[in-house]
Amino acid sequence: MADGGPVEHGFPHLETVRAAVTALYRRLSYDTVQQFATSVPPADVAFCDTDDLHLGAQRVARELVRHFRLPDARMVVAFREMQHAANVELTAGPEYFVELNDRFRGHRRDIGAALAHEIMHVYLHRVDLSFPGTRDNEILTDTATTYLGAGWLLLDAYREDGASSQKLGYLTPEEFGYVLAKRSLAFGEDPSVWFTSAQAYTAYERGLERARLDERQPPLTAAGWTGRRRYARDRRQAQGHGQGRGHGSAGNAGAGDVPYAFAADPAAGPLRVTFPCPTCHQRIRVPVRGRVRARCGLCRTVLECDT
């Protein structure tokens with residue numbers, strides 16, 4: 001929780017975020033992810049200053065438990081002084097004990113955001129999905145919360161001006177915007193209408209721009225001229241050497257290696273190219289033979305390619 005301190009910006013955790021989206025599809029399945037096509041609505045998690053603190057927190061927690069399709073276990077919510085925004089005890093149930101930072105007594109509209117992250121810890125614990133290391137596991141939790149329909153609350157809790165700042169979660173505001181945008185492109189849902197924070201809307205727009213770049217990388221037919229030209233050059237080199245890998249920005253300034261890679265298949269013969277699915281980031285492998293339509297076996301996205 002950044003409370004008055006500096007807020008990190010940009011996309012420093014992007015590779016871990018993408019790995020988290022892939023892990024969600026692999027662990028939950030396409031059909032299960034589709035059950036979360038509708039986000040938790042603002043009315044269900046609204047919390048105003050006139051609400052009773054504990055009863056209101058319990059109500060919001062129940063709504064989030066229902067949204068994530070967890071068993072109807074009681075969420076006990078308490079408040080105390082602590083360094084972090086919140087904490088949850090991952091026990092076998094039937095009750096779950098969540099502690100929230102005392103500062104939320106005076107910032108009640110952000111209680112839903114803190115609870116969403118902690119309840120996602122419960123969800124991931126139940127489906128036995130985790131990443132090694134605290135940092136990566138928290139990024140997984142933020143990504144899952146957002147992709148499964150409650151992370152707009154976390155981004156909306158971000159506020160920053162010249163005198164103060166607040167941000168919840170481990171992702172940067174732009175990374176929250178990126179995951180929200182990936183979700184929006186997958187499910188056709190626009191979360192920007194729910195933001196009460198102007199800074200959250202700006203971060204979402206930047207994340208959406210980055211997410212759309214994923215859909216414009218070669219060998220996808222939507223790739224721009226610069227990317228297509230670089231791809232054609234790398235393809236010629238690969239065809240001349242039997243195998244190869246592209247390097248450079250591929251029209252994405254500041255990026256490292258381009259996302260595609262060429263490899264000769266000794267069994268099948270023709271040169272093949274692998275690249276990440278723009279929806280779930282699982283790598284897809286197709287023959288190099290011009291126009292190809294591919295379907296991701298993980299998220300079922302149909303991709304138009306020019307290999």
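The charged end of arginine 210 sits over the ring of phenylalanine 11, 4.8 Å from its centre; a charge counts as over a ring if NZ of Lys or CZ of Arg is within 6 Å of the ring centre and within 35 degrees of the ring normal. This is a predicted model, in which local features need pLDDT of at least 70 and side-chain atom pairs count only at pLDDT 80 or more, while totals for chains, interfaces and linings use all residues. Residues are numbered from 1 along each chain as its sequence is written, and side-chain values use heavy atoms, with hydrogens and water left out.

**Whole chain**

- The protein chain has nine helices and 12 strands; these are DSSP runs numbered from the N terminus, with helices (H or I) of at least four residues and strands (E) of at least two.
- Of the 307 residues in the protein chain, 53% are buried (under 20% relative accessible area, with exposed over 50% and partly exposed in between; 1.4 Å probe, protein chains only).
- The accessible surface comes to about 14100 Å², and carbon and sulfur atoms account for 47% of that surface (Shrake-Rupley method with a 1.4 Å probe; for residues, only the protein chains shown count as cover).
- Of the contacts between residues at least 6 apart in sequence, 58% join residues at least 24 apart; contact means heavy atoms within 4.5 Å.

- Strands β3 and β4 run antiparallel and are joined by four bridges (strands pair if DSSP finds at least two bridges between them).
- Glutamate 89 is opposite phenylalanine 97 of β4.
- Aspartate 110 lies in the loop that connects β4 (95–101) to α4 (111–127).
- Aspartate 110 has a relative accessible area of 3% and is therefore buried.
- Leaving out residues up to four places away in sequence, aspartate 110 touches Phe104, Ala157, Arg159, Gln166 and Leu168.

**Aromatic rings**

- The whole structure contains 11 aromatic pairs; rings of Phe, Tyr and Trp (its six-membered ring) pair if their centres lie within 6.5 Å, and planes under 30 degrees apart count as stacked, over 60 as edge-to-face and the rest as tilted.
- One of the pairs, tyrosine 25 with tyrosine 147, is edge-to-face, at 5.8 Å centre to centre and 70° between the planes.
- That pair links helix α1 (residues 14–28), which holds tyrosine 25, to helix α5 (residues 134–147), which holds tyrosine 147; the two residues are 122 residues apart.
- Tyrosine 25 is buried at 3% relative accessible area, and tyrosine 147 is buried at 0%.
- The pair of tyrosine 231 and phenylalanine 262 is tilted, because the planes are at 45°, with ring centres 5.2 Å apart.
- Tyrosine 231 is in helix α9 (residues 225–241) and phenylalanine 262 is in strand β8 (residues 261–264), 31 residues apart.
- Tyrosine 231 is buried at 0% relative accessible area, as is phenylalanine 262 at 4%.
- Ring pairs join Tyr25, Tyr147 and Phe187 in a cluster.
- Arginine 69 has its charged end over the ring of phenylalanine 36, 5.0 Å from the ring centre.

**Cysteines**

- The structure has zero disulfides (pairs of cysteine sulfur atoms within 2.5 Å).
- Cysteine 280 is in no disulfide, and its nearest cysteine sulfur belongs to cysteine 296, 3.5 Å away, which is too far for a bond.
- Cysteine 280 is buried at 0% relative accessible area, and cysteine 296 is buried at 1%.
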